[in-house]
Amino acid sequence: MAHKAGFVNIIGNPNVGKSTLMNAFVGEKLSIITSKAQTTRHRILGIVNGDDFQMILSDTPGIIKPAYELQSSMMDFVKSAFEDADVLLYMVEIGEKALKDESFFKKIQNSKIPVLLLLNKIDTSDQQILEEQMQYWQEQLPNAEIHPISALENFNVTEVFNRILELLPEAPPYYPKDQITDKPERFFVNETIREKILLHYKKEIPYSVEVETEEFLEDEDIIRIRSVIMVERDTQKGIIIGHKGAAIKKVGVEARKDLEKFFAKQVHIELYVKVNKNWRSNSQQLRRFGYNG
Ligand SMILES: Nc1nc2c(ncn2[C@@H]2O[C@H](COP(=O)(O)OP(=O)(O)OP(=O)(O)O)[C@@H](O)[C@H]2O)c(=O)[nH]1
Ligand SMILES: [Mg+2]
């Protein structure tokens, strides 16, 4: 049988469940997930390999109207995902209307490649609402094939996966068959720490934070990590650290637990906080952190 391979790019509004779905397909927690919008900031590849196929999924940031340079870079990742897709997965959640950014929506409507509209979170809905929603989206996007799913509860996920396989073009693999992502180990350390910050801090704090791992030393039975939590202003530094260091300690403990699972090895993490004034609007800093800038 001929080998199939292609890029399957997941796009949609913030918080609809894009990262949850990619992790479900890959079977690994490659992307962090929280109930806050703009959890994902990068384009992250998740590669599913089979004997006769390679499905290269892309998780992308939720589509927003950018207000500062970091967000513009995030939207550049989304744009790039339109450019190389062989199959587009447009994810919406129950109850939502069209994309906040109309130009992106037009691109989906005029797409020349197959579009699967994934109506997610149907576990929160009933049959009548579901039917109304299916009809609504069919009218909005007559070119799309609609699949109701629950990425969280794994409902219809395998069926969608098999449908994507059918749509993949014949091609040789793009990546080595034992590779499951394009991102280095340090990226997952940074993201895991950022996830704990999204979970434990309020308001603008998570959005003002970037994490950089300065040291990643792997021994036979332990990985020693030192990471910097970067904030935009002095006042935020104190908030991250918390009373007697309790808040940052909690971040470290929880991140360590996740990373021990991820790397299947004992992990030691040292965290500290640095002020990097207005890094979100500084193209040089953004490039350093892996954004196009
Ligand atoms: N009830 C329900 N919740 C879901 C489902 N899929 C995802 N969620 C929840 O929705 C929230 C957002 O999920 P994410 O996967 O982070 O969403 P995202 O689209 O990647 O979000 P951004 O990266 O911010 O754009 C999390 O709290 C998930 O647990 C689902 O099928 N049902
Ligand atoms: Mg995400």
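This is a guided tour of the structure above, stop by stop.

The model is predicted: local features need pLDDT of at least 70, side-chain atom pairs count only at pLDDT 80 or more, and totals for chains, interfaces and linings use all residues. Residues are numbered from 1 along each chain as its sequence is written, chains are lettered from A and ligands numbered from 1 in the order in which they are written, and side-chain values use heavy atoms, with hydrogens and water left out.

**The metal site**

Select the magnesium ion (ligand 2). Ser-19 (OG) and Thr-40 (OG1) coordinate this ion at 2.0 to 2.1 Å. Donors here are N, O and S atoms within 2.8 Å of the metal (3.2 Å for Na, K and Ca), and water is not among the atoms, so the site may look incomplete. Ser-19 belongs to helix H1 (residues 18–26), while Thr-40, 21 residues away, is in the loop between H1 and strand E2 (44–50). Helices (H or I, at least four residues) and strands (E, at least two) are DSSP runs, numbered from the N terminus. Both Ser-19 and Thr-40 are buried, where buried means under 20% relative accessible area, exposed over 50% and partly exposed in between (1.4 Å probe, protein chains only).

**Ile-44**

Move on to Ile-44, in strand E2. Ile-44 counts as buried because its relative accessibility is 1%. Leaving aside neighbours within four places in sequence, its contacts (heavy atoms within 4.5 Å) include Met-22, Leu-57, Thr-181, Lys-183 and Phe-187. Now select Lys-183 and Phe-187 together: the charged end of Lys-183 sits over the ring of Phe-187, 5.5 Å from its centre. For such a placement, NZ of Lys or CZ of Arg must be within 6 Å of the ring centre and within 35 degrees of the ring normal. Lys-107 has its charged end over the ring of Phe-82, 5.0 Å from the centre.

**The cores**

Next, show the largest nonpolar core, which has 36 residues. A nonpolar core is a set of buried Ala, Val, Leu, Ile, Met, Phe, Trp, Tyr and Cys residues joined through side-chain atoms within 4.5 Å. Tyr-90, Ile-108, Leu-117, Leu-119 and Trp-137 touch the most other members. Elements giving two or more residues to this core include helix H2 (69–83), strand E4 (87–93) and helix H4 (127–140). H2 supplies the largest share, 7 residues. Another core lies apart from this one, with 28 residues, among them Met-22, Phe-53, Leu-89 and Ile-149.

Zoom in on Leu-119. Beyond its neighbours within four places in sequence, Leu-119 is in contact with residues including Val-92, Leu-130, Trp-137 and Pro-148.

**The hairpin**

Select strands E7 and E8, which form a hairpin with 3 residues between them. E7 (residues 210–218) and E8 run antiparallel and are joined by 8 bridges; two strands pair if DSSP finds at least two bridges between them. Thr-213 has Ser-227 in E8 as its bridge partner.

Ile-229 is also placed in E8. With 0% relative accessibility, Ile-229 counts as buried. Ile-229 and Val-275 are 46 residues apart in sequence and 8.5 Å apart in space, C-alpha to C-alpha.

**Two loop residues**

Lys-203 is in the loop between helix H6 (185–200) and E7, and its phi is near 50 degrees, a positive value in a residue other than glycine. Lys-203 is exposed, with a relative accessible area of 70%. Asn-278, in the loop between strand E9 (266–275) and helix H9 (283–288), has a positive phi near 50 degrees. Asn-278 counts as partly exposed, at 45% relative accessibility.
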